[in-house]
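Please examine the protein shown below. The paragraphs that follow lead through one of its pockets and then through some details of its backbone.

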Amino acid sequence: MMNLEQLESQLAELPLYGYFFLRTEQLMFSERVRYICQYNCEMYNKTWACPPAVGTVEECQAKCMGYPEFLMVVTVTEVEDIADIHATLNTRGDHEEITRQARAMVEAQGMETYTLSTEACAICKECAWPNGPCRHPEHMNPCIESHGIVLTEVAEECGLPFQYGDNVVTWFSLIFYRERGE
């Protein structure tokens, strides 16, 4: 059984903009989100963290629904020019480290986790997809959008604006959890 009071105390130590404990049934999945991945993202079909490697939207939804609850962690950071996609993406590393710490806290509570985070994995210089298995599956967090999750709906339900201003980047991670062995 998870000790939420202890976990919240630990989460308060992280530089989070916010965190929210939610029920997985609150999520909405859409093929339209996957369509955006397929036709507007240069990482489509290039990494284990992105489609098609993650499976169909239906398979991703089934995997997520196998965990009754999730923790959404949110960080914000300021960049000089939000239009500079490379500078913006360079801020992901800090968020990913915070996500790893938050996941470790949840796992220390005896929970089994499945984590979704920021866009395409950047752990390896060149991903093994599609010729070999992921070299670091314990560190790789697939992209939230790759699973077809409509994140704007969840953010609005939590009272979070999706965009804060001209040069502020908002990063989200979803840490799904369940009792070990469920």
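The lining of the second largest pocket draws at least two residues from each of H3, helix H5 (92–108) and S3. Helices (H or I, at least four residues) and strands (E, at least two) are DSSP runs, numbered from the N terminus. The model is predicted: local features need pLDDT of at least 70 and side-chain atom pairs count only at pLDDT 80 or more, while totals for chains, interfaces and linings use all residues. Residues are numbered from 1 along each chain as its sequence is written, and side-chain values use heavy atoms, with hydrogens and water left out.

A pocket is, on a 1 Å grid over the protein atoms alone, an open set of points where a 1.4 Å probe fits, with protein on both sides within 12 Å along at least five of seven lines; lining residues have an atom within 4 Å of a point. The second largest pocket has a volume of about 330 Å³, the volume being the space filled by probe spheres set on the points, which are joined across faces, edges and corners. Of its 17 lining residues, Lys63, Tyr114, Pro137, Met140 and Pro142 are the closest to the centre.

Turning to the backbone, most residues other than glycine have a negative phi, and most peptide bonds are trans. The bond from proline 51 to proline 52 is cis, with omega near 0 degrees, and proline 52 lies in the loop between helix H2 (31–40) and helix H3 (57–65). Asparagine 45, placed in the loop between H2 and H3, has a positive phi near 65 degrees.
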